[in-house]
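Please study the sequence and the structure before working through each solution.

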Amino acid sequence: MHVKPGALYPYKIHIYDTYFYSKERKVRRTMYMFKYVCKRLVLMVGVFLAILTMCFVLVKLLPLTDAQQFGKDMTLILQRREALGYNKPILVQYGIFLKRSLLGGDWGISETLYRGQDVWSIFVSKLPATLLVNIYSVVFSVPLGLLLGIYAALKKNRWQDYLISTLIMVFISVPAYVYALLVQYVLCFKMRLFPLQMNSGTEWLTWSMFLSVVPAVLSLSFGSIASLARSTRAELAEVLTNDFMLLARTKGLTRGQATVRHALRNSMVPIFPLILGEFIGILGGSFVIEKIFGVPGVGQLMINSITARDYNVFMLLTAFYTLISLLTGLVVDLSYGFIDPRIRMGAR
C-alpha cells in the first residue's frame with residue numbers, strides 16, 4: 001500500500017509548507033528590492049552626470065575672470081588653470097574635470113571668493129552651519145506639523161479644522177523670505193528676543209549660538225509645518241471614515257484607541273516618506289534664508305559663487321545638491337516598501 005508523504009501528519013506538513021512558502025516569498029521580495037535599487041542607482045548616475053555635464057558646459061560658455069586681477073595669486077591660479085586644461089577643447093576639459101574631481105577628489109581652488117584656497121576645504125568648513133539650521137528646522141517642524149494635522153482631522157468640519165486649514169493655506173502661499181523679514185522685524189528688532197544675524201565661530205552647541213539660529217529656523221519651518229499638517233489632515237481624515245475603523249469601534253475600542261492603533265498607523269504610510277523629503281526641501285530652500293540671517297553655510301556660499309563667478313565652487317555645490325536630491329528620492333521610494341510590506345518595490 002502506497003502512502004503519500006505527509007498523509008499521516010497533515011498538520012506538520014502544512015506548517016512545513018507554510019514556512020518554506022513564507023521564506024521563499026521573503027527571498028523573492030529581497031531580490032525584487034535588490035534589482036530595483038540597482039536599477040535606480042544606474043539611473044541616478046546617468047541623471048547626475050547629465051546635470052553635471054550641462055552645468056559644466058554652461059559654465060565654460062561664460063567668460064573667465066581676468067588673471068591680472070588676482071595680483072600676487074595670479075601665478076598659482078594660472079598654474080591651476082593650466083592643470084585643468086583651460087586652454088584645451090571643452091571635451092578635454094570635461095574629461096580632466098571628471099578625472100580630477102569625481103575620481104580624484106580634487107575640485108580645484110577658489111579664484112574669486114577665497115583666492116588660492118582649496119574648494120573642498122571651504123565646502124567642509126561651511127557645511128556644519130547649514131546642517132545645524134536644517135536639522136533644527138526639521139526637529140521643530142515635523143512634530144508640530146503632525147500634531148496640527150492630527151488635531152484638524154479629529155476636529156473635521158469644526159471651527160478648529162477651518163482655522164487650521166486657513167492658516168495652512170496662508171503659510172503655504174507665502175514665500176520663506178517673507179517670513180524671514182517678519183521674524184527679523186518683530187522678534188529681532190522690535191521685541192529684541194534674538195539677534196539679527198547668526199553668531200560667527202564654530203561653537204555650534206552653545207546657548208548663544210542656538211538663540212542666534214532660532215530666527216532662521218522659524219523662517220524655514222513655517223512652510224514645512226503647513227505642508228506636513230495639510231498632508232496629515234487629509235490622510236487621517238480619509239482613514240477615519242474607512243470601514244475597518246467602524247469594526248474596531250464595534251469590538252469595544254474607544255475612539256482614541258482605534259485612532260492610535262489603526263488610523264494613525266495606516267495614515268503614516270504616505271506621510272512618513274514626506275518627512276524624509278522635508279530635509280532636502282528645507283535644504284534647498286535655505287539659500288535666501290542663509291543670506292538674510294548671515295548664516296555662514298553652503299546656501300550662502302552657493303549664491304556668492306554665482307555672484308562672484310567662482311566656477312570651481314559652483315561646480316562642487318551643484319554636484320552636492322544634485323546628489324542629495326537624487327539620494328533623497330531613492331530613500332523616499334524605498335521607505336514605502338519598509339513601512340507597508342504590501343508594497344513590493346520593483347515587482348510587477
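**Exercise 1.** State which residues lie nearest the centre of the second largest pocket, and classify its lining.

*Solution.* Step 1: a pocket is an open set of points on a 1 Å grid over the protein atoms alone, with protein on both sides within 12 Å along at least five of seven lines, and lining residues have an atom within 4 Å of a point. Step 2: 13 residues line the second largest pocket, and L144, L148, L167, F171 and I225 lie nearest its centre. Step 3: two or more lining residues come from each of α4 (119-154), α5 (159-173) and α7 (207-239); helices are DSSP runs (H or I, at least four residues) numbered from the N terminus. Step 4: the lining has 13 nonpolar, no polar and no charged residues, where Ala, Val, Leu, Ile, Met, Phe, Trp, Tyr, Cys and Pro count as nonpolar, Asp, Glu, Lys and Arg as charged, and the others, Gly among them, as polar.

The model is predicted: local features need pLDDT of at least 70, side-chain atom pairs count only at pLDDT 80 or more, and totals for chains, interfaces and linings use all residues. Residues are numbered from 1 along each chain as its sequence is written, and side-chain values use heavy atoms, without hydrogens and water.

**Exercise 2.** Describe the lining of the largest cavity.

*Solution.* Step 1: in a cavity, a 1.4 Å probe fits but cannot get out. Step 2: of the 15 lining residues, F56, L84, Y86, F97 and N312 are the closest to the centre of the largest cavity. Step 3: α3 gives the most to this lining, with 5 residues. Step 4: by class, the lining of the largest cavity holds 9 nonpolar, 3 polar and 3 charged residues.
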